[in-house]
Amino acid sequence: MNISRRVDAYGDEGSPKSTAGVRTVPLSSQMVAMLKAWKLKSKFSKPDDLIFPNRKGHHLGHDNLVKRRFLPLFNRQPTVERFNWHGLRHFAVSCWIEERLAPKTVQTFAGHASLQVTMDRYGHLFPSDDHRKAMDQIAKGLFD
């Protein structure tokens, strides 16, 4: 999936907030197939049409998307604790980390301007060696 445009909560369309926001994020072949099937069922199925358009083929308004599409999903799944729309972004990033993608790759996929931003926000999620074992090894070198 190529990301080169964005629409903000006020309906303003434009370039991503930073040059790092222009990026390619790979999708699974299963997800690509599902999105293609969804788009083919739509009356807006031309290559340049949006995958999830409103009734007129334009982007969905933020409030409309959240209130009419996203929040009602929680009513269908009452055991799922509510979270905000932006939580989906955090979920994606944490999944990439859990699958052991390199920090630089996670930074690129997330569109963060720097690796520092990624590590400040998600550094605690990256797996690391057992700290006690590392400290014991350092101590062994110092005191033996």
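**Figure 1. F109 and the aromatic ring pairs.** F109 is buried, its relative accessible area being 15%, where buried stands for under 20% relative accessible area, exposed for over 50% and partly exposed for what lies in between, computed with a 1.4 Å probe on protein chains only. The model is a predicted one, in which local features need pLDDT of at least 70 and side-chain atom pairs count only at pLDDT 80 or more, whereas totals for chains, interfaces and linings use all residues. Residues are numbered from 1 along each chain as its sequence is written, and side-chain values use heavy atoms, with hydrogens and water left out. Rings of Phe, Tyr and Trp (for Trp, the six-membered ring) form a pair if their centres lie within 6.5 Å, and the pair is stacked with planes under 30 degrees apart, edge-to-face with planes over 60 degrees apart, and tilted for the rest. The count by this rule is 6 aromatic pairs. In one of them, F70 and W85, the ring centres are 5.2 Å apart and the planes stand at 90°, so this pair is edge-to-face. Because F70 belongs to helix α2 (residues 62–70) and W85 to the loop between α3 (72–76) and α4 (87–98), the pair ties together parts that are 15 residues apart in sequence. F70 counts as buried at 6% relative accessibility, while W85, at 37%, counts as partly exposed. The rings of W96 and F109, with centres 5.4 Å apart and planes at 75°, are likewise edge-to-face. This second pair links distant parts of the chain, since W96 sits in helix α4 and F109 in helix α5 (residues 103–110), 13 residues apart. Ring pairs also join F70, F74, F83 and W85 into a cluster.

**Figure 2. The largest nonpolar core.** A nonpolar core is a set of buried Ala, Val, Leu, Ile, Met, Phe, Trp, Tyr and Cys residues joined through side-chain atoms within 4.5 Å. The largest one holds 6 residues, namely V93, I97, V106, A110, Y122 and F126. Helices α4 and α5 each supply at least two residues of this core. When neighbours within four places in sequence are left aside, V93 is in contact (heavy atoms within 4.5 Å) with V106, A110 and Y122. In soluble globular proteins, nonpolar side chains tend to be buried together.

Figure 3. Q107 is found in helix α5 and, at 6% relative accessibility, counts as buried. A polar atom of the Q107 side chain lies 3.4 Å from the backbone nitrogen of L115, within the limit for a polar contact, which is a pair of N or O atoms within 3.5 Å of which, within protein, one must be able to donate a hydrogen and the other to accept it, residues adjacent in sequence counting only if both atoms are side-chain atoms. Apart from its neighbours within four places in sequence, Q107 is in contact with H112, A113, S114, L115 and T118.

**Figure 4. R100 in the loop between α4 and α5.** R100 is found in the loop between α4 and α5 and is exposed, with a relative accessible area of 62%. Its phi is near 65°, a positive value in a residue other than glycine. Most residues other than glycine have a negative phi.

Figure 5. W38 lies in helix α1 (residues 29–41) and counts as partly exposed, at 46% relative accessibility. W38 and I51 are 13 residues apart in sequence, with 7.6 Å in space from C-alpha to C-alpha. The W38 side chain reaches the backbone oxygen of I51 at 3.2 Å, and, not counting residues up to four places away in sequence, W38 touches I51 and F52.

**Figure 6. Elements and confidence of the whole chain.** The protein has 7 helices and 4 strands, assigned as DSSP runs numbered from the N terminus (helices H or I with at least four residues, strands E with at least two). From the N terminus on, these elements run β-β-β-β-α-α-α-α-α-α-α. The radius of gyration is 20 Å, well over the 15 Å that the globule rule gives for 144 residues, so the protein is more spread out than a compact globule; the radius is taken over C-alpha atoms, and the rule is 2.2 Å times the number of residues to the power 0.38. The mean pLDDT is 90, with 97% of the residues at 70 or more, pLDDT being the predictor's confidence in each residue, from 0 to 100. Confidence is lowest in helix α7 (residues 131–143), at a mean of 75, and highest in helix α6 (residues 115–122), at 96.
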